[in-house]
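Trainee: Could you take me through this structure with a few questions? I'd like to see how each answer is reached.

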Amino acid sequence: MANQNRNQNQNQNPNRNQNHDRNRNPAVEEEFNLRETRPSLGGGRVVGNDRVSKAFDLVEQMDYLYVRIVKSKELPGSPDPYVELNLGGFKSATRHLEKTSNPEWNQVFSISKDQIHAPRVEISVKDKSGNGDGLIGMIVLDGIDVPRRVPPDSPLAPEWYRLENQRGERVAGELMFAIWMGTQADEAFPEAWHLDASTVNGDGVTGIRSKVYLSPRLWYLRVNVIEAQELQIADKNRQQPEILVSASHGNMVLRTKISQSRSANPLWNEDLMFTVSEPFEDQLVLCVEEKIGNKKDELGQCVIPLHGVEKRMDFKPPGSRWYNLEKHGAAENGKKNSSRLNSRLHLRICFDGGYHVLDELTHYSSDLRPTARQLWKPAVGVLELGILNAQNLAAMKSRDGRGFTDAYCVAKYGQKWIRTRTILNSFNPKWNEQYTWEVFDPCTVITVGVFDNSHLQGVNGGAKDSRIGKVRIRLSTLETGRVYTHSYPLIVLSPSGVKKMGEIQLAVRFSCPSLFNVLQLYTQPLLPSLHYLHPLSCQQVEVLRHQATQIVSMRLSRAEPPLRKEVVEYMLDVGSNLWSVRRSKANHLRIAGILSAIAKLLKWFDHICSWKNPLMTVLVHIVFLAFVCFPWLILSTVFLYLFLIGTWNYRGRPRNPPHMDVRLSQADTALNDELDEEFDSFPTSLKQIEIVKGRYDRLRAIASRVQTVLGDMATQGERFYNLLSWRDPRATALFLIFCLVAAVVLYVTPLRVVVIVTGFYAMRHPRCRDRLPSHPMNFLRRLPARTDGLL
């Protein structure tokens, strides 16, 4: 009876899901959609009038009041002076200097014009060691009299002002400062202390300013372990010792297989690969070990510095070298001592600069160049990004029973990372910052993430910066020279479900001086040639990418201010290949969507055979008879038909860039237990019998590979579909031109000639084949897919 009820419930679930899909709330779907906006970019300036309009034409103009405090002179006594600014409740102060009557500060303060609600600016010189408020003198200015400076005018010259007391009487001392009204284009803006952030001091001050970071330069280190000689085995009576070599660099340890030649002169000829970064500070340590049961006995080791290792651009074998092994042990005083052995280890070590070191997923890669700069090609274009503002952000933390958010943005493209300034205590922050990148390949993706700064004064210092959401934009989906201004939904998936955290408004423009150079890239391999001539295994790629992400996150977290590990890992999609029921469903539906076209074709043919539409059936019979009588028209007609379809689809081409699609990602229909499994750690944190835990982890590992394969299959199918969808306008235009030319050529060329040429070309001798991927394959791999919209 229980089984019968269970079967009935299972039969009802599909109907329930169908009803759920049928009754989707349009308002909910609209909430997660992309919205086109029309901001006033450049503050109404005509682009091209001056250099400021070129550098800030993708953001809205913001007016700021600037005050530069330079120095003071002839202060009475030997005070510990500092300068305090007071503007409508906003206060901030310079650093104080000890025992000087002629101090120099040279600090700049700023505040947004929208936050100025007082008509006067009070600048006070105070003595930190004095009694009471320690006032030495002050200057009061009327805000109406503040001059305006428009770059590229030279900076405003500071002037001397006499100090007065609170009654307006002249006192000893003078203060030199400059005050002016400007915009975020002012040279003083990056170094200015914002008055609305006066509660932040110390290390937090640098943590709220905008910064540019560069990823470390990554290399693949290849260690070819060839052989060893004259190893001193502890048990000389052992007939077949099991000997292997372990290599370690940093926190990564790799081991060779056990040598098949069971002797004191083992042979391996096996490659071990690491991801390393410049400067090469860590050393490579190789240890020869003998496996005795479950234990390993060290037979000797050598330490190799990486500064003198050969860097190669191609796959020519580097020179080999013998390294002497040493034996390390503990001395009586507790220090380690080493003794040199007669044993040697034969190695080939080199840096492979012909590969691109993957620190991102290939689908979302922002840089495809090889490591060696000698192999780089000139840039083909420029990417400009304007980060305007965000709206309706969720409260990420609370204090005194009130929720608030300190939001900042991070954008990553190529080796350049940018971080905007942190806007304190605002659910609708305005950044209006513009950045530029060189583009070497249009088939790349820029990633923009929004985070909450949890490392400011008054907030728990051990907390992590919370993710608010991110946006991916593929450059090949952008029309050349067009400015895209859209409001993107910020979506975060958590164990409790999918949630919209707000929206971010961006302005994006991709421009290229030569369209021919961009179109030429569509026929070239996506990755450097070594990836195809000497490919790495899938397991190697995953291990090396894990090393690369750890290096990048560690290096950027050591910058000042740090770009924290949780931020870098979120931007690089660390852990996205782990098993997920939700992603598997999404990939299944993607494949089903591709196969549905074949199903529609078969259904159409069945309608023809069943004469449901007699007129259409008669026309098909006539076309079929024409193709039989004139077979040379088949291919030309097919290509002409594809050309007409693509031309017709141009009217309905996508106008907006892709964005995170909740429905495509199956995030809105995921069950709680599925999300709990997706966010479970790997290995699992379930406290069950060890054997069940091991089987569960193995299942997840296998399922993650299946999930990736399904995703790759769906990606290939979507790329075929996008040949005619104008998702990538340049690629579709190239394909349509090819179809038109092929239709004309096949029309005037006899079918026998086409078949003979095609057959001989397919059966050509291997010497006539190129080991690199063909031009059609390179073109197909560069086409966009719906992976850009997956969470």
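Trainee: Is Leu221 buried or exposed?
Mentor: Leu221 belongs to strand E12 (residues 218–229); helices (H or I, at least four residues) and strands (E, at least two) are DSSP runs numbered from the N terminus. With a 1.4 Å probe and protein chains only, under 20% relative accessible area is buried, over 50% is exposed, and in between is partly exposed. Leu221 has a relative accessible area of 0%, so it counts as buried.

Trainee: What pLDDT is needed before side-chain atom pairs count?
Mentor: Residues are numbered from 1 along each chain as its sequence is written, and side-chain values use heavy atoms, with hydrogens and water left out. This is a predicted model, where totals for chains, interfaces and linings use all residues, local features need pLDDT of at least 70, and side-chain atom pairs count only at pLDDT 80 or more.

Trainee: How many Å apart in space are Leu221 and Val744?
Mentor: Along the sequence, Leu221 and Val744 are 523 residues apart. In space, going from C-alpha to C-alpha, their separation is 51 Å.

Trainee: Which residue's backbone nitrogen does Ser580 reach at the start of H9?
Mentor: A polar contact is a pair of N or O atoms within 3.5 Å; within protein, one must be able to donate a hydrogen and the other to accept it, and residues adjacent in sequence count only if both atoms are side-chain atoms. Here a side-chain oxygen of Ser580 comes to within 3.3 Å of the backbone nitrogen of Arg582.

Trainee: Which element gives the largest share of the lining of the second largest pocket?
Mentor: On a 1 Å grid over the protein atoms alone, a cavity is a set of points where a 1.4 Å probe fits but cannot get out; a pocket is an open set with protein on both sides within 12 Å along at least five of seven lines, and lining residues have an atom within 4 Å of a point. The second largest pocket has 46 lining residues, with Ile594, Ala597, Ile598, Tyr721 and Leu724 nearest its centre. Two or more lining residues each come from H9, helix H10 (614–629), helix H11 (633–649) and helix H13 (690–721). The largest share, eleven residues, is given by H9.

Trainee: How many residues in that lining are nonpolar?
Mentor: Ala, Val, Leu, Ile, Met, Phe, Trp, Tyr, Cys and Pro count as nonpolar, Asp, Glu, Lys and Arg as charged, and the others, Gly among them, as polar. The lining of the second largest pocket has eight charged, eleven polar and, as nonpolar residues, 27.

Trainee: What is the volume of the largest cavity?
Mentor: Grid points are joined across faces, edges and corners, and a volume is the space filled by probe spheres set on the points. The whole structure holds seven cavities of 30 Å³ or more. The largest cavity has 17 lining residues, and Leu218, His356, Val357, Asp367 and Gln415 are the closest to its centre. Its volume is about 230 Å³.

Trainee: How much space lies in the second largest cavity?
Mentor: Its lining includes Thr477, Arg653 and Trp726. By class, that lining of the second largest cavity has four nonpolar, one polar and five charged residues. The space inside the second largest cavity is about 50 Å³.

Trainee: What is the omega of the cis peptide bond from Glu560 to Pro561?
Mentor: Pro561 lies in the loop between helix H7 (538–557) and helix H8 (565–571). The cis bond from Glu560 to Pro561 has an omega near 0 degrees.

Trainee: Is Asp400 buried or exposed?
Mentor: Asp400 sits in the loop between strand E22 (397–399) and strand E23 (402–404). Although not a glycine, Asp400 has a positive phi of about 60 degrees. Because its relative accessibility is 78%, Asp400 counts as exposed.
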